[in-house]
Amino acid sequence: KARSCRAASKDVCRHLQQDLVQLMQNNSQLAVQPLRQVILALVSVTMPLLDALPSLIQHLSSSLPLKQCLLFLETLADEASSLQPFGPGSLEERAEATSNIRAALCSHAADVFSWLAQVAGSHPMPAVSNAPAAEVVASSAPPSAQDSAAAEVSGSILSCFNAWIKLGSLREIGLGDSQALISLALAHLQTFSSPAFSTAGDLLGDVLDYCPDEWLDALQAPMLRLADLAVAAAKAGKPGPAE
């Protein structure tokens, strides 16, 4: 009987999920606040259906604007991170249920990161120079309108990625699964005046906080490069990676 109740509950969630996605399709220009409310509702009905998350991502990416897809995945991770034990049972049982939800979500991190990397690859990425740090700083210029628009998309991608990092997903995957997204953050940190600069800096700090210890050796070289750029930027009186 309990199993049939859970099945019925999942069926209700599936129907609600479909209705909410349809609502978003029919109202692609929703204002920010109503959109967030709809996405929060979509997140709520998706929590019991995490087994089907990869297919949901593909469906959303083919039927909704990119901004809405990214906001949904970011909100899903944020809500799971802040989830508190609830429902019937002892405190230990409720805490275990909450932990299981986070674990189920993290099990799909590789799929999420693969999709994010695919999206990032379809947008221009800042050129990364291997020239001496002082030369990179001296030749830096304000981004063009096209570069700024691409950087705003990158900022949304990195913000979504960072929400999944804070969920604890880095310990469920290999460095290779997130390498493209980390490289995107590093590229924006080496590009002065990028609109994604601050988001990239926050993300890199969280990567270092949440990543497995064995990742640190691989991240040492780019971190030293950023330190060189920060010193050069400070000497030139420009904002840089240190800021």
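**Exercise 1.** Determine how the axes of helix α6 (residues 109-121) and helix α8 (residues 145-166) are arranged, and which residues join the two helices.

*Solution.* Step 1. The axes of α6 and α8 come within 10 Å and cross at roughly 170 degrees. Axes are lines fitted to C-alpha atoms, for helices over the stretch in contact, and angles run from 0 to 180 degrees between N-to-C directions. Helices (H or I, at least four residues) and strands (E, at least two) are DSSP runs, numbered from the N terminus.

Step 1. α6 and α8 are therefore classed as roughly antiparallel. On this scale, angles under 35 degrees count as roughly parallel, over 145 as roughly antiparallel, 65 to 115 as roughly perpendicular and the rest as oblique.

Step 2. The crossing of α6 with α8 is left-handed; that is, the near helix is turned anticlockwise from the far one by less than a right angle, whereas clockwise would be right-handed.

Step 3. On the α6 side, the contact (heavy atoms within 4.5 Å) involves Ala109, Val112, Phe113, Leu116, Val119 and Ala120, and on the α8 side Ile157, Cys160, Phe161 and Trp164. By class, this contact has ten nonpolar, no polar and no charged residues. Here Ala, Val, Leu, Ile, Met, Phe, Trp, Tyr, Cys and Pro count as nonpolar, Asp, Glu, Lys and Arg as charged, and the others, Gly among them, as polar.

The model is predicted: local features need pLDDT of at least 70, side-chain atom pairs count only at pLDDT 80 or more, and totals for chains, interfaces and linings use all residues. Residues are numbered from 1 along each chain as its sequence is written, and side-chain values use heavy atoms, with hydrogens and water left out.

**Exercise 2.** State which secondary structure elements the chain contains and what span its C-alpha trace has.

*Solution.* Step 1. The chain has eleven helices and zero strands.

Step 1. Along its principal axes, the C-alpha trace spans about 70 × 40 × 25 Å.

Step 2. Of the 243 residues in the chain, 40% are buried. Buried means under 20% relative accessible area, exposed over 50%, and partly exposed in between (1.4 Å probe, protein chains only).

Step 3. Among contacts between residues at least 6 apart in sequence, 76% join residues at least 24 apart.

**Exercise 3.** Describe how α8 packs against helix α10 (residues 197-210) and against α4.

*Solution.* Step 1. α8 and α10 pack at an angle of about 20 degrees, their axes being 9 Å apart. They are therefore roughly parallel, and their crossing is left-handed.

Step 1. Residues of α8 in this contact include Gly155, Leu158, Phe161 and Ile165, and those of α10 include Thr199, Leu203, Val207 and Tyr210. The contact of α8 with α10 has seven nonpolar, four polar and three charged residues.

Step 2. For α4 and α8, the angle is about 20 degrees and the axes are 8 Å apart. That makes α4 roughly parallel to α8, and α4 passes α8 in a left-handed crossing.

Step 3. Among the α4 residues that meet α8 are Leu66, Leu70, Glu74 and Ala77, while Val153, Ile157, Ala163 and Trp164 are among their partners in α8. By class, this contact has ten nonpolar, three polar and three charged residues.

**Exercise 4.** Which residues touch the most other members of the largest nonpolar core?

*Solution.* Step 1. A nonpolar core is a set of buried Ala, Val, Leu, Ile, Met, Phe, Trp, Tyr and Cys residues joined through side-chain atoms within 4.5 Å. In soluble globular proteins, nonpolar side chains tend to be buried together.

Step 1. The largest core has 68 residues, of which Phe72, Phe113, Leu116, Phe161 and Trp164 touch the most other members. Helix α4 (residues 66-81) gives the most to this core, with eight residues.

Step 2. Beyond residues up to four places away in sequence, Phe161 touches Phe113, Leu116, Leu170, Ser178, Leu181, Ile182 and Leu203.

**Exercise 5.** Is alanine 80 buried or exposed, and which residues does it contact?

*Solution.* Step 1. Alanine 80 lies in helix α4. Because its relative accessibility is 0%, alanine 80 counts as buried.

Step 1. Leaving aside neighbours within four places in sequence, alanine 80 contacts Met47, Arg102, Leu105 and Leu167.

Step 2. By comparison, alanine 97 is found in helix α5 (residues 91-106) and, at 38% relative accessibility, counts as partly exposed.
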